[in-house]
Amino acid sequence: MKVAIVSSCLYSVPPRGKRYFGYENGFSGGYGGESQVHTLVRALCRAGVNVELFAIAGSIPPERGRIHYLPSGHWRNIWALEPQIIDDYWNELIQCDVVHDWTLTKVIHNHAYVRLNKRCVMTPWGTGAPPPFAQYNTVCWSEFQRQLFLDQGYPETTKWIHGAVEPAMFTPSYSEGEFFLYLSRVHPTKHPEVAIKMARELKFDLVIAADTESPDHIAFLQAAQKACQKDKNIRFVIDPSFEEKCNLYRNAKALILASEGECFGLVTIEAMAHGTPVILKNDGAYPEIVKHGIHGFLCKTQDQYNNAAKNVAMIDRKECRKLVEEKFNSDLLAHRYIEVYAQVMSGEVF
């Protein structure tokens, strides 16, 4: 089986922060699509699939297959860049059994659906459906995201496959931790103010780990830093490398992330892969991922968040790691996608 995996023109595979660009082991996370592409490509190659990866410079080539370098863009020109992939790489795409579109615009999927006899799959970004091109053969990140797409006119046959990580990349710690951790973009939809308010009211140490990959990220981060100037128990870690992230996860009492409308949330399973409980908003895909009181807590009010922090020691950190190994491991992700690829290769449309 030969599969074309087409990533976005925004970030490399895996995504790399400014300080970590290149081929070194460390990479910055925070960009779920490209991070998941990297995990999927590695797992597909382990399963014997030949992968033709289409991604920007700085991406890691697949172990089985080749890499084709796309032009590097930004949010302002992505709608002009990604359609060019069809003209520049169509001969390479048609030589694959399946084309899997992870781009933002989904123009690749539309062309492949029409011109490759529907031998294509599309995994969407975020909560908003792309333009109404070919809506079929769509695989969402979660049941929650699938329902959002059904509400926007997608067929009932739309599938979902949960995201995953490679557990072997994360060494768990079963100690109780030293501080609470917020690790994500500093953005209004992520609600970092919930964690900040918890730290102030309960007087615990909080680490806010954030990136500076775009102007809006920087602006929101700087606003948060200014608001926390007098909080001696709150510190910021900017653009953490992969190794730094892992150290933060391992030493955290819990990850606090009050995101709204999260379609999956890779950082939650990264945290649990280290044995770290999660304190999450009872919203989006989070109820699909964790069991309240077993792997962490699902909250709606500030009092519930505070009580979760007070009771986080009751969570068995080994159960968190076990959950990732059994339900959110990359080999399972690859197996599920291989089944989907086989279906579309046989002519099935969903």
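**Reading the model**

Modeller: The largest cavity holds about 30 Å³ of space. A cavity is a set of points, on a 1 Å grid over the protein atoms alone, where a 1.4 Å probe fits but cannot get out; the points are joined across faces, edges and corners, and the volume is the space filled by probe spheres set on them. This is a predicted model, in which local features need a pLDDT of at least 70 and side-chain atom pairs count only at pLDDT 80 or more, while totals for chains, interfaces and linings use all residues. Residues are numbered from 1 along each chain as its sequence is written, and side-chain values use heavy atoms, with hydrogens and water left out.

Colleague: How many cavities of 30 Å³ or more does the structure hold, and which residues line the largest cavity?

Modeller: The structure holds one cavity of 30 Å³ or more. A lining residue has an atom within 4 Å of a point. In the largest cavity the lining consists of Gln-36, Trp-102, Trp-141, Ile-161, His-162, Gly-163, Leu-333 and Tyr-337. Five of these residues are nonpolar, three are polar and none is charged. In this scheme Ala, Val, Leu, Ile, Met, Phe, Trp, Tyr, Cys and Pro count as nonpolar, Asp, Glu, Lys and Arg as charged, and the others, Gly among them, as polar.

Colleague: What is the average pLDDT of the chain?

Modeller: The term pLDDT denotes the predictor's confidence in each residue, from 0 to 100. The chain averages 91, and 93% of the residues score at least 70. Over residues 18–30, however, the pLDDT is below 50; this stretch has 44 contacts in the model beyond near neighbours in sequence. A contact means heavy atoms within 4.5 Å. Where pLDDT is low, the predicted coordinates should not be read in detail.

Colleague: Is Asp-101 buried or exposed, and in which strand is Asp-101 found?

Modeller: Buried means under 20% relative accessible area, exposed means over 50%, and partly exposed lies in between (1.4 Å probe, protein chains only). Asp-101 has a relative accessible area of 0%, so it is buried. Helices (H or I, at least four residues) and strands (E, at least two) are DSSP runs, numbered from the N terminus. Asp-101 belongs to strand E4, residues 98–101. Setting aside neighbours within four places in sequence, Asp-101 has contacts that include Val-6, Lys-106, His-109 and Thr-123.

Colleague: Where does Lys-300 lie, and is Lys-300 buried or exposed?

Modeller: Lys-300 sits in the loop between strand E13 (296–299) and helix H11 (302–310). Because its relative accessible area is 59%, Lys-300 is exposed. Apart from neighbours within four places in sequence, Lys-300 is in contact with Asn-282 and Tyr-305. Lys-300 and Ala-258 are 42 residues apart in sequence, yet their C-alpha atoms are 8.7 Å apart in space.

Colleague: How many of the residues of helix H9 are buried?

Modeller: Eight of the eight residues of H9 (residues 266–273) are buried, so this helix is largely enclosed by the rest of the structure. Among them are Leu-266, Glu-270 and Ala-273. After H9 comes Gly-275, with a positive phi near 85°.

Colleague: Which residues other than glycine have a positive phi?

Modeller: Asn-117 is one of them, with phi near 55°. Asn-117 lies in the loop between helix H4 (107–115) and strand E5 (120–122), and Asn-117 is exposed at 59% relative accessible area. Lys-203 is another, with a positive phi of about 60°. Lys-203 is placed in the loop between helix H6 (192–202) and strand E9 (206–210), and Lys-203 is exposed at 70% relative accessibility.

Colleague: How many disulfides does a search of the whole structure find?

Modeller: A disulfide is a pair of cysteine sulfur atoms within 2.5 Å. A search of the whole structure finds zero. The cysteine sulfur closest to that of Cys-246 is in Cys-320, 16 Å away, so the distance is too far for a bond. Cys-263 is likewise in no disulfide; the nearest cysteine sulfur, that of Cys-140, is 8.0 Å away. Cys-246 is buried, at 5% relative accessibility, and Cys-263 is buried, with a relative accessible area of 9%.

How values were computed: On a 1 Å grid over the protein atoms alone, a cavity is a set of points where a 1.4 Å probe fits but cannot get out, and a pocket is an open set with protein on both sides within 12 Å along at least five of seven lines; lining residues have an atom within 4 Å of a point.
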